[in-house]
Amino acid sequence: MRRAAGFIVLLAALVLTGCGSSETSKRRHAVNDYLAKVQHIQNRYAPSFKLANGAYRDFSKAKASKRQLQRLRGAEVSILAARDALEQLRPPPDARQLHRQLIRLYDLNAELGLEVITLQQFLPGVRDTLAGLGRVNKTYRADISNNKTAGGQAGALEGYADAVAKVATRLGRLQSPPALRPWQRSQVKRLQDVATTGRNLATALRVGPRGAVQPLIARFQFLLSHQPNVSQAQHDAVKAYDNRLLGISKLQGKIAREHQRLQNQLG
C-alpha cells in the first residue's frame with residue numbers, strides 16, 4: 001500500500017485547574033476524578049496500544065504476515081477492552097459530553113483496526129483469485145486460436161464463460177472491508193457480464209442470427225479489456241484508511257475543545 005500512518009490515540013492528561021466557589025470546586029473535583037479514571041484506563045492499555053501503532057506502521061510498508069496479523073488482532077482486543085472499561089465509568093453531568101466523545105474515539109479506533117485486519121486477509125485473496133483469472137484467460141486464448149470453426153470457437157467461449165463464472169463466485173465470497181465492498185461488487189458484476197456475453201456470443205456463433213455476432217464480439221472484447229485488477233482495490237483501501245484517520249483527528253479536536261470549555265466553565 002502507498003501509505004497508512006495508523007495510530008491509536010492516547011490522550012494527554014486532561015486536568016482542570018483553577019479556583020472558584022465551593023459549588024464550582026465540587027464540580028471541578030468531580031470532573032477531575034473522572035478524568036483520572038480515564039487516564040488510568042489509558043495507562044493500563046498503553047503498552048498494547050504502542051504495539052498496535054507499530055503494527056499499523058508495518059502494515060503500510062510490508063506484505064501481510066502471520067505475525068503482523070496476530071499483532072493487529074491483539075491490538076483490536078486491547079482497543080475493545082479499553083473501550084468497555086471506559087464505558088463502565090459514570091461521568092459527572094459536566095463531563096457527559098466529553099465521555100460520549102471519548103467512547104466514540106475508541107469506537108473509531110476499533111473500526112479502523114477491524115478494517116485493517118479484514119484488508120490484510122482480503123487483498124491476498126484477491127491476488128490469488130485474479131491470478132486464477134489470468135490462467136483462465138491464458139487457456140482461453142490458446143483454445144480460441146486452436147479452433148477456427150464457428151462451432152469450435154463457440155465451445156471455447158462456453159468453456160471460458162464457465163471458468164470466469166467460477167472466478168466471479170470466488171471473488172464474491174471473499175470477506176471484504178466495508179470500504180472495498182463497492183469495488184468487490186462492481187468487479188464481480190463485470191466478470192458475470194463477461195461470462196454472460198461469452199455464452200450469448202457462443203449461441204450466436206452456433207445458431208445465429210448472424211447480425212448479432214459482431215455487436216457481441218465488440219461487447220466481449222470491451223469487457224475483456226477492462227477486467228479486475230488489484231491496484232484499484234489498494235487505492236480505494238488507502239483512501240478509506242486515510243478518511244478514517246481524518247475522522248479520528250477531527251474527533252480529537254472536538255475533545256480538546258470540550259476540555260477547554262470545561263476549563264473555562266469550571267476553572
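A residue is classed as partly exposed when its relative accessible area falls between the buried limit of under 20% and the exposed limit of over 50%. In the predicted model examined here, E158 counts as partly exposed because its relative accessibility is 29%. E158 forms a salt bridge with R206, in which the closest N and O atoms are 2.9 Å apart. This pair links distant parts of the chain, with R206 in helix α5 (residues 181-207) and E158 in helix α4 (residues 150-173), 48 residues apart. R206 is likewise partly exposed, at a relative accessible area of 46%.

The chain contains seven helices and zero strands. Of its 267 residues, 44% are buried. Among contacts with a separation of 6 or more, 80% are made by residues 24 or more positions apart.

Twelve salt bridges were counted. One of these joins the side chains of D107 and R83, with an N to O distance of 2.7 Å. D107 lies in helix α3 (residues 96-146) and R83 in helix α2, so the pair ties together parts that are 24 residues apart in sequence. R83 is buried at 15% relative accessibility, whereas D107 is partly exposed at 21%. A further salt bridge, between K37 and D33, has its closest N and O atoms 3.5 Å apart. Both residues lie in helix α1 (residues 22-61), four residues apart, about one turn of the helix. A network of salt bridges links R104, E111, E115 and R244.

Helix α2 (residues 66-87) also contains S78, which is buried with a relative accessible area of 10%. Beyond residues up to four places away in sequence, S78 touches Y45, S48 and F49.

Definitions and conventions. Residues numbered from 1 in each chain as written. Predicted model: local features only at pLDDT ≥ 70, side-chain atom pairs only at ≥ 80, totals over all residues. Heavy atoms only, no water. Helix = DSSP H or I, 4+ residues; strand = E, 2+ residues; numbered from the N terminus. Buried < 20%, exposed > 50% of the residue type's maximum accessible area, 1.4 Å probe, protein only. Contact = heavy atoms within 4.5 Å. Salt bridge = Lys/Arg side-chain N within 4 Å of Asp/Glu carboxyl O.
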